[in-house]
Amino acid sequence: MGKVVVVTSGKGGVGKTTSSAALGAALAQNGDKVVVVDFDVGLRNLDLVMGAERRVVYDLVNVIQGEAKLSQALIRDKRVETLYLLPASQTRDKDNLTPEGVEKVIAALQNAFDWVICDSPAGIERGATLAMRHADIAIVVTNPEVSSVRDSDRIIGLLDSKTLKAENGERMEKHLLLTRYDPLRAERGDMLKVDDVLEILSIPLMGIIPESADVLRASNVGSPVTLADNRSAPALAYFDAARRLKGETLPITIPGEKRSFLGKIFGRKAA
Amino acid sequence: MNLFGFFSRSQSAPAARERLQVLLAHERASAGDSDLVTKLRDEILKAISKHMQIDDEKVKVTMERGAQVSTLAVDIEIPFDAKKAA
Ligand SMILES: Nc1ncnc2c1ncn2[C@@H]1O[C@H](COP(=O)(O)OP(=O)(O)OP(=O)(O)O)[C@@H](O)[C@H]1O
Ligand SMILES: [Mg+2]
């Protein structure tokens, strides 16, 4: 049985789609069988970031509504043969996602893949709650900035109450992925410190992705950053994050600092 | 760029941290009861109107959330000729 991972944030534009593509590709580059599922129905973008926009025929909504078979909707990556994409619909809206439909699709994907990575839409509505519903592991994507941290806190609350795991009384495994980290602004003291964000959100850190033009370049050419330039700083950070997702313990270095720390485990203060 | 200004300018990240800590402590505690102030306002209004006629609009209930304690402020404008309720 594959692991279901939701990439979520509450706030929009923090790097969920970029991270879903990069982590999915990183895992697949290491030989794991991976499918990245776009839950942003109505505003799909994962196809573009992964360079598959011209190959989309059927999508998640078609599969849920029984208009296409899952195998017809899956798109295999041209560069990494164990990497697949299940696109979202561009023309229909989130109301077409039914809980039963999503459950069936996820169950089928879990049987065929090692990793099912769900790229959540922003917000806390239907699309976002359905994307997290079946997750075994949650990646909370956060920018070191007040509104993003607040929204992440809200999402962590939902992960601990509205998911199947939570309803069954199990603990949801959560990881913090700090993205768009700018060492210059951090040095000036105008960006929340890594320790501050960790202390406030109290979930373990799985990586710090620096703000970088390499991410933009990668999306311009339609390639996850780990494939576009596998030696770039953001790619290296995503490769390490993917290894931590697999359970490895690696020291985390803060971009622009020599200091590094070993994935501290924080117990979230009881709500 | 003025180097002196660069170094002497106060940092904004500590303020962000403080504000977040206070805000989130409250949001976590009150999840599910976000309209406490509205409820309080309604009940206060009811209690007062037992004794005098007042204008709905002239009752202001505000909450100031602090790190240790919060203050609930009730501001009621009572007209001179407020008639006693029957
Ligand atoms: N580390 C980074 N450095 C520079 N730019 C980045 C980085 N991460 C993301 N971006 C840029 O930020 C923008 C938003 O990223 P992305 O689409 O991944 O966010 P999202 O959370 O999926 O947004 P939405 O909530 O709209 O789905 C994109 O233009 C992306 O290229
Ligand atoms: Mg997105």
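## Strands side by side in chain A

In this predicted model, strand β2 (residues 34-38) of chain A runs parallel to strand β4 (residues 83-86) of chain A, and four bridges link the pair.

With strand β5 (residues 115-119) of chain A, β1(A) pairs in the parallel sense over five bridges, and here A:Val5 faces A:Ile117 in β5(A). With strand β6 (residues 137-142) of chain A, the pairing is again parallel, over four bridges; A:Val7 has A:Ile139 of β6(A) as its bridge partner.

Chain A holds an open sheet of eight strands, arranged β3-β4-β2-β5-β1-β6-β7-β8, with mixed pairing. Which strands stand at the edges? They are β3 (75-76) and β8 (205-210) of chain A; each has a single partner strand, so one side of each lacks a neighbour in the sheet.

## Salt bridges

A search over all chains of the structure finds 17 salt bridges. One of them joins the side chains of B:Arg28 and A:Asp153, at 2.5 Å from N to O. This pair crosses between chains: B:Arg28 belongs to helix α2 (residues 13-29) of chain B, and A:Asp153 to helix α7 (residues 146-159) of chain A. How do the two partners count in terms of cover? B:Arg28 is partly exposed because its relative accessibility is 28%, while A:Asp153 counts as buried because its value is 5%.

Within chain A, the side chains of A:Arg217 and A:Asp214 also form a salt bridge, at 2.7 Å from N to O. These two residues are three apart in helix α11 (residues 213-220) of chain A, so about one helical turn separates them. A:Asp214 has a relative accessibility of 18% and therefore counts as buried. Elsewhere, salt bridges with shared partners tie A:Asp196, A:Glu199 and B:Arg17 into one network.

A further salt bridge connects the side chains of A:Asp182 and A:Arg185, at 3.6 Å from N to O. A:Arg185, with 37% relative accessibility, counts as partly exposed.

## A negative patch on chain B

Which residues form a negative surface patch? They are B:Asp42, B:Glu43, B:Asp55, B:Asp56 and B:Glu57. B:Asp42 lies in helix α3 (residues 36-49) of chain B and is partly exposed, since its relative accessibility is 42%.

A:Arg180 is not a glycine, yet its phi is positive, about 55°. A:Arg180 sits in strand β7 (residues 173-181) of chain A and is partly exposed at 40% relative accessible area.

A:Ser202, also a residue other than glycine, has a positive phi near 55°. You will find A:Ser202 in the loop between α10 (194-201) and β8 of chain A. Is A:Ser202 buried or exposed? With a relative accessible area of 5%, A:Ser202 is buried.

Notes
Residues numbered from 1 in each chain as written. Chains lettered and ligands numbered in written order. Predicted model: local features only at pLDDT ≥ 70, side-chain atom pairs only at ≥ 80, totals over all residues. Heavy atoms only, no water. Pairing = 2+ DSSP bridges. Patch = residues over 30% accessible without salt bridge, like charges linked within 9 Å, V, L, I, M, F, W, Y side chains within 5 Å. Areas by Shrake-Rupley, 256 points an atom, 1.4 Å probe, with all protein chains shown as cover. Salt bridge = Lys/Arg side-chain N within 4 Å of Asp/Glu carboxyl O. Lys, Arg positive; Asp, Glu negative; His and termini not counted. Charge placed at Lys NZ, Arg CZ, Asp CG, Glu CD. Buried < 20%, exposed > 50% of the residue type's maximum accessible area, 1.4 Å probe, protein only.
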